[in-house]
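Please open the model in your viewer and keep the selection tool at hand.

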Amino acid sequence: MGGAKAEEKAGAADDWCYQFGNKSTLDLKSPKKSPLALRMVVLAMTMLCGVFICSMCMKQLGRESWSKIVKIEVAEQSCNKSAVPPSEVKFVHYPRPINYSRDECTCNPVRFFAIISSQRSGSGWFETLLNSHINVSSNGEIFSTKERRSNITSIIRTLDKVYNLDWNSSASKNECTAAVGFKWMLNQGLVANHAEIVDYFNRRGVSAIFLFRRNLLRQLVSQLANNHDRYLKQLNGTHKAHVHTRHEAKILARYKPRLNTTSLIWRLKQADEYNRDALDNLKSIRHITIYYEDLIRNRTKLVDVLDFLKVPRRKLASRHVKIHTKPLSEQIENWDEVYNALNGTNYESFLNADYRL
């Protein structure tokens, strides 16, 4: 018995030593665990991490923001676009503003537009007419600020903000806006970046309203008078490009510029070619072309613009008061010299009265 026990102890010692590698080398293999149990532990840890991350995201967004995101996603999916003609699908949009929800108007289609013009072409007056429509928001001359047009990246960023309905201005309507845009002068980064702008407009489905003046001589007089007031600030020390009373208009109309007749024809030619080249570079955009003189003579031309924007026809109004209402002969200091310089030239028609007020 004693010998047997001694042998068992010796055998156990040998087995113990064998597990560690011939009594000299250690084998640290741990006992095998169930693979299923390990997988369950990993899965449980993953789920806990996911729940924690989601809870943190919801706290950062807030309940209100989170509910807005969900509502917008559901509404976007439920908008019925089948009634839109195939040719118009590209120009119909359903913006999702970041700063607010369009609520019941989420599925109301929105058209994107830009009023493309040049200074003293009646664009300010025209824009106020459009903004008197309850469903139209035109946000003014947003690229008059140089930083916004410093490069194409800044321009695109600004355009995206406008067409996402996140641009805040006095012209901003409620969430049921049916057409949104702004006023863009040719010399405010538009001509310099025309290729990229055309690509953006065509890709995003933006329509253009080209507004120009036929009588470039009248436009020149208006520009010189505006520059004169910019320095003198004749209305109580304030410069006003547009006025709302006849009294203010009368004060600004007193100034009669003296034109340099030596360079006058060259100046008119440059302005004409500048406008023509710009229109040629932008012609691939969906557009309508209107002229200030036509709007003055016939206000029904505005109906064409409303139809172009696909918004309901309504009577439009503006508080703007026209400054220069007299014939050019009473608005230019050296009229006789100007008349002799342009008479018999391609610009002779500018000397004549092109509309009556």
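Which residues are linked with Asp294 in a network of salt bridges? Select Arg214, Asp294 and Arg297: these three form the network. A salt bridge here is a side-chain nitrogen of Lys or Arg within 4 Å of a carboxyl oxygen of Asp or Glu.

Before continuing, note that this is a predicted model, in which local features need pLDDT of at least 70 and side-chain atom pairs count only at pLDDT 80 or more, while totals for chains, interfaces and linings use all residues. Residues are numbered from 1 along each chain as its sequence is written, and side-chain values use heavy atoms, with hydrogens and water left out.

**Salt bridges**

Stay with Asp294 and Arg214, whose closest N and O atoms are 2.8 Å apart. Asp294 belongs to helix H10 (residues 292–297) and Arg214 to the loop between S5 and helix H7 (216–232), so the bridge ties together parts 80 residues apart in sequence. Helices (H or I, at least four residues) and strands (E, at least two) are DSSP runs, numbered from the N terminus. Asp294 is buried at 19% relative accessibility, whereas Arg214 is partly exposed at 41%. Buried means under 20% relative accessible area, exposed over 50%, and partly exposed in between (1.4 Å probe, protein chains only).

Next, select Arg111 and Glu88, whose side chains meet in a salt bridge (2.5 Å, N to O). Arg111 is in strand S1 and Glu88 in the loop between H2 and S1, 23 residues apart. Arg111 is buried at 14% relative accessibility, and Glu88 is buried with a relative accessible area of 14%. In total, the model has 11 salt bridges.

**The disulfide**

Now select Cys105 and Cys176, which form a disulfide (cysteine sulfur atoms within 2.5 Å). Their sulfur atoms are 1.6 Å apart. Cys105 lies in the loop between helix H2 (35–78) and strand S1 (111–117), and Cys176 in the loop between helix H4 (152–163) and strand S3 (179–181). Cys105 is buried, with a relative accessible area of 3%.

**Helix H6**

Select residues 194–204, which make up helix H6, and highlight its buried residues Ile197, Val198, Tyr200 and Phe201. Seen down the axis of H6, these fall within an arc of 165° (taken from the directions from the helix axis to the C-beta atoms), so they line one face of the helix. Just after H6, find Gly205, which takes a positive phi of about 70°.

**Helix H3**

Finally, select Ser123 in helix H3 (residues 123–131). Is this residue buried or exposed? Ser123 is buried, with a relative accessible area of 5%.
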